[in-house]
Amino acid sequence: MIEFIDSVVSIYPELIALTLVLILEWIFPLSTKFTPAFTFNVLASAISNKVAQSGTTKQQLLAGWLALGTYLFLIATIVGSILFAVTNDVWTQAILLYFALGYQTVANQASAIQTCISQKQKSAAKTILSHITEFDVDRLSELGINKLTLESVIKRFVSYWLMPVIIFIIFNGFIAILYRALLEAYTVWQPKNPKFKHFGQAVFSIKNGFEFLPTLLIAPIYSVFKSSPFWSRYVSTNKHQWQQSQTSSFNQLVWLSIVSAGCKSELAGPLMLNQQKLTRPRINQGAPLFPSAIGELLKWNNRFRLSFILFNIVTISTLVLTNVI
């Protein structure tokens, strides 16, 4: 039996490693403080404090590109050096994927926010929400807390679960952890922040460029896991105003439109960042936002993840049976 398991693992190690890591991250998610992402965030903050100073628009744009290149090169060198010193096999790459993932922790916090709202503990809900969003939460109403939680959950699902998985499948765990480093830089260098309006354009462009094709290909499939009628209409209706606002990417508009259609709720709209008002159009304006919407979205994401994991298991089983026969 042990020899059979060893033979299966040796034949299909990448698929098995991916499946095990996804299950592990679901059951035992790591807090950011205990992953390399925390160090990435600190490094990005240190670089921006040194480089993102006053200057002309062109100077800030150039500084942003140079800073991003230096930041990623430094991290790639450090991680590459570690891989050179250890056994760099599929299981090492799987560990890097585990560190690159970061959705389940946010899902747990979103669930806690829903519990706080149901118990009328708005202050506690705001405190938790502040850990998963870059926007100001102090002035949010209960409706605003719900909307921003939904937005934060789908953003993290796409960037911190879907994208690392796709990158691992196409490339490896090394590129996945570099992508996580990119996300941490994006979090720190938000171009929505007036301080990084031009400096953050580089990381904004790279991140959204990476996510553009997966959004076009996978978002429609994702919408099937919960009835989401007219989501494409929401995209076309709000596209022009969304791009004019220059607050969020087109990718985000697509995902928020799907969630808005699936949860039958209004999403997006104006937000505050560092006491500055950011205007955005409301998606599905006027639709009610039900208290159960957060839980519905979490279950939606779970259905998608579980289906992917089961697909992997069925694929592995089929390959094993075919090999045995």
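Which residues is I113 in contact with, leaving aside its neighbours within four places in sequence? They are A125, I128, L129, I132, I145, T149 and I294, where contact means heavy atoms within 4.5 Å. This is a predicted model, in which local features need pLDDT of at least 70 and side-chain atom pairs count only at pLDDT 80 or more, while totals for chains, interfaces and linings use all residues. Residues are numbered from 1 along each chain as its sequence is written, and side-chain values use heavy atoms, with hydrogens and water left out.

**The nonpolar core**

- The largest nonpolar core has 97 residues, and Y71, I113, I154, W161, W189 and Y222 touch the most other members.
- Helix 8 (residues 142-170) gives this core its largest share, 15 residues.
- A nonpolar core here is a set of buried Ala, Val, Leu, Ile, Met, Phe, Trp, Tyr and Cys residues joined through side-chain atoms within 4.5 Å.
- Buried means under 20% relative accessible area, exposed means over 50%, and partly exposed is in between (1.4 Å probe, protein chains only).
- Helices are DSSP runs of H or I with at least four residues, numbered from the N terminus.

- N301 sits in helix 13 (residues 293-324), and it is buried at 0% relative accessibility.
- Not counting residues up to four places away in sequence, N301 touches Y103, V153, I154, F157 and Y222.
- V254 belongs to helix 12 (residues 250-263) and is buried too, with a relative accessible area of 5%.
- Beyond its neighbours within four places in sequence, V254 is in contact with T215, A219, W231 and V235.
- From C-alpha to C-alpha, V254 and V188 are 24 Å apart in space, and 66 residues separate them in sequence.

**Cysteines**

- With a disulfide taken as a pair of cysteine sulfur atoms within 2.5 Å, the count is zero.
- C116 is in no disulfide, and its nearest cysteine sulfur, that of C263, is 19 Å away.
- C116 is buried at 9% relative accessibility, and C263 is buried with a relative accessible area of 4%.

**A surface patch**

- L74, I78, I82 and V86 make a nonpolar surface patch of about 340 Å².
- Such a patch joins nonpolar side chains (Val, Leu, Ile, Met, Phe, Trp, Tyr) within 5 Å, from residues with over 30% relative accessible area and no salt bridge.
- I82 lies in helix 4 (residues 57-85) and is partly exposed, with a relative accessible area of 49%.

Key:
Helices (H or I, at least four residues) and strands (E, at least two) are DSSP runs, numbered from the N terminus. Patches are made of residues with over 30% relative accessible area and no salt bridge: like charges are joined within 9 Å, nonpolar side chains (Val, Leu, Ile, Met, Phe, Trp, Tyr) within 5 Å. Accessible areas come from the Shrake-Rupley method with a 1.4 Å probe; for residues, only the protein chains shown count as cover. A salt bridge is a side-chain nitrogen of Lys or Arg within 4 Å of a carboxyl oxygen of Asp or Glu.
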